Amino acid sequence: MALGRDWAESWLRATAATVAEHRSELVRLDREIGDGDHGENLDRGFTAVIAKLDSVAADATPADLLKLAATTLISTVGGAAGPLYGTAYLRGSTAIAGESTLDGAAVVAFLTAARDGIVARGKAEPGDKTMIDAWTPAVDAAVAANGEGRSEVEILAAAADAAEAGALATEPLVAHKGRASYLGERAIGHRDPGAESSALILRAAAETAAESSSGT
Ligand code: ADP
Ligand code: MG
């Protein structure tokens with residue numbers, strides 16, 4: 001089953017819920033190698049997104065909802081993550097503009113454009129210990145799953161699995177971007193908070209896709 005407006009709304013609501021649930025964990029990760037505000041920043045941002053969802057028109061497209069998330073995150077999150085996630089949702093929504101439901105190719109187009117937006121904004125490369133280390137393996141896994149003809153649900157599940165592995169793999173790295181880069185080797189042994197939140201966001205995408213396709 002293709003993913004439509006209802007899925008986009010469910011995804012944003014589930015993202016707000018998982019960010020709230022993991023808020024203190026994200027704060028702890030950011031306290032270890034940053035300034036400790038990542039959980040609060042995202043919780044504030046996604047709470048603001050949710051507050052706007054009720055006013056969205058019934059005939060809105062997934063892109064309309066994800067663009068609303070983008071502009072809301074840019075104006076409410078602050079820090080490094082606000083503009084980065086805002087750009088991700090903005091570029092991602094542009095890539096699927098006008099489509100009422102998303103097939104596998106559209107899911108891949110969204111994820112690729114979102115990742116490319118983060119790179120365009122933050123100039124991080126894989127291995128720099130940033131959210132890109134979750135997004136790039138996620139995009140690669142999504143492209144591969146789509147190439148094998150897998151369903152949208154399976155494509156998002158593959159992306160979420162790869163993002164989680166990518167977030168875990170930031171632990172031994174030295175950071176080359178953002179506040180954590182000031183720490184040099186002291187960042188080793190700590191997971192990047194933005195990579196962790198990216199994995200949470202993509203897991204929420206996969207779980208809500210599975211729920212909407214099973215009709216629950
Ligand atoms: P701040 O660092 O301003 O306090 P946050 O704590 O909200 O902002 O977000 C920190 C996260 O932002 C990092 O864990 C990292 O994943 C991500 N980040 C920081 N700089 C960059 C960058 N240049 N490119 C990609 N991601 C980045
Ligand atoms: Mg921070």
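1. Ligand 1 is surrounded by 20 residues, the closest being His38, Ala80, Gly122, Asp192 and Gly194; a residue is taken as near a molecule if one of its heavy atoms lies within 4 Å of it. The model is a predicted one, in which local features need pLDDT of at least 70 and side-chain atom pairs count only at pLDDT 80 or more, whereas totals for chains, interfaces and linings use all residues. Residues are numbered from 1 along each chain as its sequence is written, chains are lettered from A and ligands numbered from 1 in the order in which they are written, and side-chain values use heavy atoms, with hydrogens and water left out.

2. Several polar contacts to ligand 1 can be listed. A polar contact is a pair of N or O atoms within 3.5 Å; within protein, one must be able to donate a hydrogen and the other to accept it, and residues adjacent in sequence count only if both atoms are side-chain atoms. His38 places a polar side-chain atom 2.9 Å from an oxygen atom of ligand 1, and a polar side-chain atom of Asp30 lies 3.0 Å from an oxygen atom of this ligand. Gly194 contributes through its backbone, with an N or O atom 2.9 Å from an oxygen atom of ligand 1. Taken alone, ligand 1 exposes 560 Å², of which the protein buries 92%; such areas come from the Shrake-Rupley method with a 1.4 Å probe, and for residues only the protein chains shown count as cover.

3. Asp30 has 9% relative accessibility and so counts as buried, while Asp35, at 37%, counts as partly exposed.

4. Aromatic pairs deserve attention next. Rings of Phe, Tyr and Trp (its six-membered ring) pair if their centres lie within 6.5 Å; planes under 30 degrees apart count as stacked, over 60 as edge-to-face and the rest as tilted. The count by this rule is 4 aromatic pairs. The pair of Trp7 and Trp11 is stacked, because the ring centres are 5.2 Å apart and the planes stand at 15°. Both residues lie in helix H1 (residues 5–21), 4 residues apart, about one turn of the helix; helices (H or I, at least four residues) and strands (E, at least two) are DSSP runs, numbered from the N terminus.

5. Trp11 is buried, with a relative accessible area of 1%. Its ring centre is 6.0 Å from that of Tyr89 and the planes are at 45°, so the pair of Trp11 and Tyr89 is tilted. Since Trp11 lies in helix H1 and Tyr89 in helix H5 (residues 81–95), this pair ties together parts that are 78 residues apart in sequence. Tyr89 is buried at 3% relative accessibility. Ring pairs join Trp7, Trp11, Phe46, Tyr89 and Phe110 into a cluster.

6. The largest nonpolar core has 62 residues, among which Trp7, Trp11, Leu12, Phe46, Tyr89, Leu111 and Leu156 touch the most other members. A nonpolar core is a set of buried Ala, Val, Leu, Ile, Met, Phe, Trp, Tyr and Cys residues joined through side-chain atoms within 4.5 Å. Helix H9 (193–213) is one of the helices that each supply at least two residues of this core, and H9 gives the most, with 9 residues.

7. Two residues of helix H9 may be contrasted. Thr208 lies in this helix and is buried at 5% relative accessibility; its side chain reaches the backbone oxygen of Ala205 at 3.1 Å. Glu207 also lies in helix H9 but is partly exposed, with a relative accessible area of 46%.

8. Finally, the loop between H6 and H7 holds Lys123 and Lys129. Most residues other than glycine have a negative phi. Phi is positive in Lys123, near 60°, and in Lys129, near 65°. Lys123 is exposed, with a relative accessible area of 55%, whereas Lys129 is buried at 1%.

Technical notes. Buried means under 20% relative accessible area, exposed over 50%, partly exposed in between (1.4 Å probe, protein chains only).
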